[in-house]
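Hello,

Here is the structure for your files. My notes on it follow below.

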Amino acid sequence: MKGYVKYYGQKVLWYVLTLIIALALNFFLPRMMPGDPVAALASDEVANMTEKSAIEKVYQDYRERFGLDKSMPEQFVTYLGNLFQGDMGTSFSQYPRGVSEIIGESILWTIGLQVPAIIVGWLIGNLLGAIAAYTRRGFDKIVMPLFMFISNMPAFGMAIIMVWVFAVTLKVLPASGGYGFDLLPSFSFEYVGSVLRHYQLPFWTMVLITIGGQAIGMRSMSIYELNADYVKYSRFLGIRDNKIVRYVFRNAMLPQITGLALSLGTMVGGNIVAEMIFSYPGIGTTMLGAITGGDYPLISGCTLMITIMVLIANLVVEILYGIIDPRVKAAQQEA
Amino acid sequence: MKHQIKQIFHSPKFVVGFIVFVFLLLMAIIYPMVSAVGPLESMSKIKFLAPGTYINVEDTLNAEAGVIELDVVANRVIAALTEDEKTKMVEWLELYGGVEEGSIDIGDAETLINTWNSKYDEDIRVTGTTALRKEYQRLAARVENLLESSGVSIAEKNENGELEIVKSYKTKEFVGVNDIANKINFPLGTDNFGRDVLTELTSAIGTSLRLGLIAGLIATLIGLTFGLVAGYCGGVVDNLITFLTNLFTVIPSFILLVLISYSLGQGSRSVEIVAIVIGLTGWPWTARSVRSQVVSLRNRDHVNLSKLSGHSMPRIIVMDILPYVASYVVMALILQISSGILAEAQLSMLGLGPSTTKMATLGLMMNWSQQASAWQTGAWWSFLPVILSIALVTFSLNLMNTGLDQVFNPQLRDS
């Protein structure tokens, strides 16, 4: 148990360090932008002013309000302070709503969509890959090339095709939004039903994309494992296949979990763009609106939130890996 | 070396990928040159022309017309009637024409018209508002008009301002498409700016490939250098570089791309700069895999021999270790190109891609298509070929990579 604490303690510490650096990057990168940020911020207000001194006064007011007249490190400290109080600034494009409020709403939709989609996609993908590896003949020959092609299609590409086929051409499912545009969020059956209907298309799109990638990996790993010595030996001894299969797939799963951790960043990124296609009211659409509107507190907040999501997801996967991989357990017991 | 190249070309996956890739590359180079239209030349003020051949209407006057025995009238009526009008016809026939409900299929326009012709009687009193009666009368008149087309006359204004008939056509006269002087074929239609999609697409493939190449080269070079140094030197340098690599693996490169691209601002995002930025954020996994290769190589005998002989570190790295990781680097380069193209497409969809009006990239085409709500209006030719091209390019590159992988690592070969 003591070994476990040390192992996990190190991991958590590392992630906290990564978080701090991510915060720093998130803060400094946009501020290294060439040009005067104040001019951009105040451009609307000074658009009709012609007197120079008045314009200068407005700029000065903005500088003080946003703390832009202090030095960079001071600004960073203020930023961190505000962050810990949950204040991420005020949005420009949706003035005067606070960034935290906007993101708070969107993130629920995104998590509700992506977490089940990634889990379901991962499970089904690995299952299909395992089956393909086990029954080499018919199933495999169809599944392999199909999934190879699907996994190469970009996430948003799949999203666009799904919207076009199912929503526009076949008119089976709604094309955009998180719920009917004539409804307001409430706890009525109508609202929940509408939410579920709008959930289908984005959900199955993301599941399909994840399946494509996972199936191929799992298939290769399973083929590799099925050719291992212990499998041949067990078969020789007469142990039934369905007992052996359990061990084989448990071994094949481990690199898949590591692979999941490595590819979570890309997956979330791709799913975010897919979200935009569906105009699903999650972080992706919010970020798109922020970029179009030149709203950099909101962009900053969105990227920070996405980074934190990915970091947490990575941490969870690493913890899971520590529990599942017996080699980690053994190493802890030795130490 | 020669033997390895021969082996590579024997691998089926590599050959397939290679053929597809070379095909796309040739299309990208040759088609824009032979096309009648420039890639970014706006050909029409109408948005989204569907794929097909477009004929200049005035030129049909000058072409020789001959009669061909085809039932033109039925086709013309079928094409001219809107869904609404057809529905109304079915309504009338069911209510007053003695036709059973649901027995007429609105999709079968010929039967509908024949039934209408035989059953319609304008004397039958229609119950309902005057407006409804007038509607049916108008409908009947329109159908009769269409059915009775007895040819058309083209008139021009003469010097007195009066219309003078220039030419008359019987209803069954046709002109040959080849006789028309001005026609243009848009195999894939036009996009929302009126540009020919096929020409734009092929030139965009070329630009995207170039962008992918730049990004891939930069990412591979950085990854290679970091991997070599970290793997060979070990110790503090290794720990530092590994820490950096892990850092950039976990922080999604997509986020970094968004932040940097946004910070650069609208003015300075040319294709080359975007490529450089993508390269700068894509190196971590190359570094990681090169490093693990080098770590296993650094205790080989020839390396120890060079160390004993007193060769300098850079020399050992370049002459003794690099040749062994070369095959791996080539594979990494291919994968980096493919992921660079994807990253650019994603960035452009967000609106943070290259801001240029002189060139098109695959991502930019997708972005324009999205802003014009192409998939809601059903203009499939403006986004479907682009998505397929992106998929094909990445697919062929990844296929080549898998082929190479199987040649260089025999244990991965499919049994």
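Does helix 5 of chain A pass helix 8 of chain A in a left-handed or a right-handed crossing, and which is it in this predicted model? The crossing of helix 5 with helix 8 in chain A is right-handed. Helix 5 of chain A covers residues 99–134, and its axis lies 6 Å from that of helix 8 of chain A, at an angle of about 35 degrees. Sorted by class, the residues in the contact of these two helices are 21 nonpolar, 10 polar and 1 charged.

Helix 8 of chain A (189–226) also turns up around helix 6 of chain A: together with helix 17 of chain B, helix 8 is among the elements that cover the buried residues of helix 6. Those buried residues are Phe147(A), Ser151(A) and Asn152(A). Helix 6 of chain A runs over residues 138–152, 15 residues in total. From first C-alpha to last, helix 6 of chain A reaches 23 Å, close to the expected 21 Å.

Now the interface. On it, 36 residues of chain A are in contact with 32 residues of chain B. On the chain B side, the elements that give two or more residues are helix 9 (235–250), helix 10 (253–264), helix 14 (313–350), helix 16 (374–377) and helix 17 (384–408). Helix 10 of chain B gives the most, with 8 residues. The side of chain B that touches chain A has 22 nonpolar residues, 10 polar and no charged.

Regards

How values were computed. Residues numbered from 1 in each chain as written. Chains lettered and ligands numbered in written order. Predicted model: local features only at pLDDT ≥ 70, side-chain atom pairs only at ≥ 80, totals over all residues. Contact = placed C-beta atoms within 7 Å. Helix = DSSP H or I, 4+ residues; strand = E, 2+ residues; numbered from the N terminus. Nonpolar A, V, L, I, M, F, W, Y, C, P; charged D, E, K, R; others polar. Expected span 1.5 Å × (residues − 1). Buried ≥ 20, exposed ≤ 12 C-beta atoms within 10 Å, placed from the backbone. Axes fitted to C-alpha atoms, helices over the stretch in contact; angles between N-to-C directions. Left-handed = near helix turned anticlockwise from the far one by under 90°.
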